[in-house]
Amino acid sequence: MVLERLKDNWKQWFVYAARLALASSLAIYAADLFKLQFATQAGVICLFSMLSTSKETLRLSVKRILSFAVTFVAAWIAFHHISSEWVAFGVFIFVTVVFSEMFGWGAALSMNVVAGCHFLSVDVFTTDIIINELYIVLTGMTFAIIFNLVRDTTGTKATLEKNIEEVQGKMQAILDEMADYLDSQGGDREVWQMLDDLQSYLETCIMNASEYEGNSFENDAKYYVRYFQMRRSQSMILINLHEELQKIKYVPKQSQIINEYIHYLSAFVTEMNVPEEQINNLRKIFEKMEEEDLPVTREEFESRAVLFHVLMDLDDFLRVKQRFIESGDAKHIRFLDGSR
């Protein structure tokens with residue numbers, strides 16, 4: 001497992017580590033160039049900020065600047081007016097943490113505490129040391145922003161498009177297998193394995209899509225996360241559907257029309273499909289089953305009840321896609337203009 005991850009991701013890890021190292025080193029170099037005290041702190045600030053995505057880095061930068069003002073005020077009150085060092089540091093920490101929690105600046109807390117330690121370590125609390133700390137923060141954040149914004153997300157987007165097609169293929173195969181299972185009452189080991197594989201694959205897709213969203217400023221950046229979340233919801237319904245199929249002990253004649261419908265449905269599990277026609281056809285099956293003669297035996301009654309639950313699961317499956325389209329995602333216009 002470790003060797004497989006190393007083989008698949010070593011290039012990505014190498015580039016990521018190189019970016020972190022280069023940005024942090026340049027931040028320290030720049031701080032040294034401007035003859036700032038505690039220059040290494042600029043590299044640390046840059047490093048911690050680059051662990052976030054591009055958008056989060058920008059938000060974090062604003063938080064660091066705003067929280068720095070609170071840090072300065074808290075340090076000035078504590079260190080300039082309280083003679084006991086340990087009491088002053090406790091007051092400083094208390095005020096800093098309270099404001100960090102109040103305004104959601106927790107990500108900047110560690111850096112603010114370090115800045116406070118710098119204020120505490122100097123003999124005289126002067127304007128120069130305040131400006132020095134501010135420049136340290138600005139230097140670290142500047143290099144973090146620059147290196148985080150310089151990203152090529154084109155390859156990631158292309159990968160996500162391929163992931164969409166892969167997910168669709170996996171779902172279509174699962175539906176076809178379920179239809180065959182309903183027809184033959186055969187073994188289900190392969191279906192469960194396919195469902196597990198789909199779940200695992202979707203989690204990876206959601207993680208990659210979230211990273212893309214955080215690093216891209218394109219209008220459709222959020223689309224991929226929501227799309228894969230929609231498919232994950234559908235995959236959970238497929239699990240429930242397969243569990244229902246396993247409960248069938250007697251295969252009634254009505255199962256054939258459901259079998260055919262599932263095969264028919266699998267062809268429309270595509271990104272661009274708007275499932276109105278599939279929902280209407282499913283409604284007709286409901287109506288037809290209601291017109292059927294009542295079951296005679298207990299086994300037939302139980303199996304017919306299970307088939308009804310299967311139909312409801314299929315309806316839920318389609319409604320998830322329908323709600324996704326109606327949600328108004330940026331990319332939903334592609335459903336309307338048929339551009340793909």
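Trainee: Which exposed residues does the face of α4 turned away from its buried side carry?
Mentor: Happy to start there, with a note that this is a predicted model, where local features need pLDDT of at least 70, side-chain atom pairs count only at pLDDT 80 or more, and totals for chains, interfaces and linings use all residues. Residues are numbered from 1 along each chain as its sequence is written, and side-chain values use heavy atoms, leaving out hydrogens and water. Exposed is over 50% relative accessible area, buried under 20%, with a 1.4 Å probe and protein chains only. On that face of α4 sit Trp86, Phe94, Glu101 and Met102.

Trainee: Why are the buried residues of α4 on the same side?
Mentor: The buried ones are Ala88, Phe92, Thr96 and Ser100. An α-helix has 3.6 residues a turn, so residues three or four places apart point the same way. The four share a side of α4 because, going by directions from the helix axis to the C-beta atoms, they cover an arc of only 90 degrees.

Trainee: How are α3 and α6 oriented to each other, parallel or antiparallel?
Mentor: Their axes, lines fitted to C-alpha atoms over the stretch in contact, come within 9 Å and cross at roughly 175 degrees. Angles run from 0 to 180 degrees between N-to-C directions, and those over 145 count as roughly antiparallel. The two helices α3 and α6 are therefore roughly antiparallel.

Trainee: How many residues of the contact of α3 with α6 are nonpolar?
Mentor: Contact means heavy atoms within 4.5 Å, and the residues making it include Phe68 and Phe72 of α3 and Leu134 and Met141 of α6. Nonpolar covers Ala, Val, Leu, Ile, Met, Phe, Trp, Tyr, Cys and Pro. Beside 4 polar and 2 charged residues, the nonpolar ones number 13.

Key: Parallel < 35°, antiparallel > 145°, perpendicular 65-115°, else oblique.
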